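Student: I would like to learn how to read the features of a model like this one. Please take them one at a time, with the general idea ahead of the case.

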Amino acid sequence: QVQLVESGGGLVQTGDSLRLSCAASGRTFSNYNMAWFRQAPGKEREFVAAISRFSAVTSYADSVKGRFTISRDNAKNTVYLQINSLKPEDTAVYYCAATFGWGPGARYDYWGQGTQVTVSS
């Protein structure tokens, strides 16, 4: 089992920045590729970004490229999502997730409870 706890969300203004954190406990964190997803009100959950076990490879949704940066610190069992130039359409609950896989077909075995990001215009 892996427990994931997100933090760092909040109410911000357009153009602000946020850094979301996801702290993992349980099994060895570096065994997992990690990802962030988000779900906006009335919409399906969507992939945001992923990072491989030792940070060699990252992947981003086209909608966030250039503004979002995913990173991880295996010594701290934490994955981060830096969000710059926030837009109202970034308003969503952000979730982190852990997987052994990679790519669109990856199965995410563990999920956090989510952290709310609200961007006011």
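Student: Where is Arg-67 found?

Tutor: Arg-67 sits in the loop between E6 and E7. This is a predicted model, in which local features need pLDDT of at least 70 and side-chain atom pairs count only at pLDDT 80 or more, while totals for chains, interfaces and linings use all residues. Residues are numbered from 1 along each chain as its sequence is written, and side-chain values use heavy atoms, with hydrogens and water left out.

Student: Is Arg-67 buried or exposed?

Tutor: Buried means under 20% relative accessible area, exposed means over 50%, and partly exposed is in between, using a 1.4 Å probe and protein chains only. Arg-67 has a relative accessible area of 11%, so Arg-67 is buried.

Student: What does Arg-67 touch?

Tutor: A contact means heavy atoms within 4.5 Å. Not counting residues up to four places away in sequence, Arg-67 touches Gln-82, Ile-83, Asn-84, Ser-85, Leu-86, Lys-87 and Asp-90. For Ser-85 there is also a polar contact, which is a pair of N or O atoms within 3.5 Å; within protein, one must be able to donate a hydrogen and the other to accept it, and residues adjacent in sequence count only if both atoms are side-chain atoms. The side chain of Arg-67 reaches the backbone oxygen of Ser-85 at 3.0 Å.

Student: How many salt bridges does the rule give?

Tutor: The rule asks for a side-chain nitrogen of Lys or Arg within 4 Å of a carboxyl oxygen of Asp or Glu. The count comes to five salt bridges. In one of them, the side chains of Arg-67 and Asp-90 meet at 2.8 Å, N to O. Arg-67 lies in the loop between strand E6 (58-60) and E7, and Asp-90 in the loop between E8 and E9, so the pair ties together parts that are 23 residues apart in sequence.

Student: Which residues are linked with Arg-67 in a network of salt bridges?

Tutor: The network links Arg-38, Glu-46, Arg-67 and Asp-90. Within it, Arg-38 and Asp-90 form a salt bridge at 3.0 Å, N to O. Arg-38 is in strand E4 and Asp-90 in the loop between E8 and E9, so this pair ties together parts that are 52 residues apart in sequence. Both Arg-38 and Asp-90 are buried. By contrast, Asp-62 and Lys-65 are exposed; their salt bridge has its closest N and O atoms 3.1 Å apart.

Student: How many disulfides does the structure hold?

Tutor: A disulfide is a pair of cysteine sulfur atoms within 2.5 Å. The structure holds one, formed by Cys-22 and Cys-96 with their sulfur atoms 1.9 Å apart. The torsion about the S-S bond of Cys-22 and Cys-96 is about 50°, so the disulfide is right-handed. Cys-22 lies in strand E3 and Cys-96 in strand E9, so the pair ties together parts that are 74 residues apart in sequence. Both cysteines, Cys-22 and Cys-96, are buried.

Student: In what sense do E1 and E3 pair?

Tutor: Two strands pair if DSSP finds at least two bridges between them. E1 and E3 pair in the antiparallel sense, over six bridges, and Leu-4 has Ala-24 in E3 as its bridge partner. E3 and E8 also run antiparallel, joined by six bridges. Leu-20 stands opposite Leu-81 in E8.

Student: Which residues have the most contacts inside the largest nonpolar core?

Tutor: A nonpolar core is a set of buried Ala, Val, Leu, Ile, Met, Phe, Trp, Tyr and Cys residues joined through side-chain atoms within 4.5 Å. The largest has 30 residues, and those with the most contacts inside it are Leu-4, Met-34, Trp-36, Val-79, Leu-81 and Tyr-94. Elements giving two or more residues to this core include E1, strand E3 (18-26) and strand E8 (78-83). A second, separate core of six residues includes Ala-35, Ala-50, Ala-97 and Ala-106.

Student: What is the phi of Asn-77 near?

Tutor: Most residues other than glycine have a negative phi. Asn-77 has a phi near 50°, a positive value in a residue other than glycine, and lies in the loop between E7 and E8. Ser-55, with phi near 70°, is also positive and lies in the loop between E5 and E6.

Methods: Helix = DSSP H or I, 4+ residues; strand = E, 2+ residues; numbered from the N terminus.
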